[in-house]
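Please keep the sequence and the structure in view while reading.

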Amino acid sequence: MAEDLVLIEGSRAEKYANILPQIENLLAGETDKYANLANISAALFQSFRFFWIGFYLVKEGQLVLGPFQGPVACTRIPFHKGVCGYAYTTAETIIVPNVDEFPGHIACASASRSEIVLPAKNNNGEVLLVLDIDSDQLNDFSEVDKEGLEKIIDLIENNWNNWI
Ligand code: SME
């Protein structure tokens with residue numbers, strides 16, 4: 001049962017520490033993957049007010065838009081295209097400090113300036129989805145975001161097989 005989130009002022013690291021257990025609570029007992037991904041994106045959006053946050057799921061041989069918060073976005077991304085495609089292909093987190101300097105960046109919104117994309121994988125190392133976060137500020141993402149968001153990715157990976 002969802003309740004209001006408790007949000008704090010503070011550094012990004014403090015905000016990640018604050019929101020992670022609340023996201024765990026939101027997921028507890030719910031097995032619908034879209035419901036859970038929707039609540040994760042909403043909780044992160046409420047905490048950080050990112051410009052855009054959402055998921056692209058591996059589906060039908062491409063990355064297909066899933067639950068998100070922010071402006072409307074591209075619905076389908078080929079595996080080899082854009083920052084999301086790079087994270088899919090390498091199966092590694094990528095931080096792009098300036099999207100204009102990333103060859104092949106897909107500009108879903110012209111206001112996007114920097115970006116972080118993290119893949120979630122199954123036990124065989126195959127990418128299941130990517131978490132994509134865009135900022136309207138240059139150089140907005142650091143190792144702090146990578147560490148905080150990788151804990152969310154761990155939650156998704158550990159629960160995925162129980163989700164329908
Ligand atoms: N910029 C991404 C596309 C997705 S949108 O930012 C929501 C990319 O280059 O993969």
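Helices, as the term is used here, are DSSP runs of H or I of at least four residues, numbered from the N terminus. The model is a predicted one. Helix α3 spans residues 82–90, and Ala 91, which follows α3, has a positive phi, near 55 degrees.

Within α3, the buried residues are Gly 82, Val 83, Cys 84, Gly 85 and Ala 87. These buried residues pack against several strands, namely β1 (52–59), β2 (62–69), β3 (76–77), β4 (94–96), β5 (114–121) and β6 (127–135).

The backbone of Val 83 places a polar atom 3.0 Å from an oxygen atom of the ligand. For Cys 84, a backbone N or O atom is 2.8 Å from a ligand oxygen atom. The side chain of His 105 contributes an N or O atom that lies 3.3 Å from a nitrogen atom of the ligand. On its own the ligand has 310 Å² of accessible area, of which the protein covers 99%.

A separate matter is Lys 15, which belongs to helix α1 (residues 12–27). Which side chain of opposite charge is nearest to Lys 15? That side chain is Glu 9, 5.2 Å away. A salt bridge requires a distance within 4 Å, so Lys 15, although buried, has none. Leaving aside residues up to four places away in sequence, Lys 15 touches Ile 8, Gly 10, Ser 47 and Phe 48.

Methods
Residues are numbered from 1 along each chain as its sequence is written. This is a predicted model: local features need pLDDT of at least 70, side-chain atom pairs count only at pLDDT 80 or more; totals for chains, interfaces and linings use all residues. Side-chain values use heavy atoms; hydrogens and water are left out. Helices (H or I, at least four residues) and strands (E, at least two) are DSSP runs, numbered from the N terminus. Buried means under 20% relative accessible area, exposed over 50%, partly exposed in between (1.4 Å probe, protein chains only). Lys and Arg count as positive and Asp and Glu as negative; His and the chain ends are not counted. Contact means heavy atoms within 4.5 Å. A polar contact is a pair of N or O atoms within 3.5 Å; within protein, one must be able to donate a hydrogen and the other to accept it, and residues adjacent in sequence count only if both atoms are side-chain atoms. Accessible areas come from the Shrake-Rupley method with a 1.4 Å probe; for residues, only the protein chains shown count as cover.
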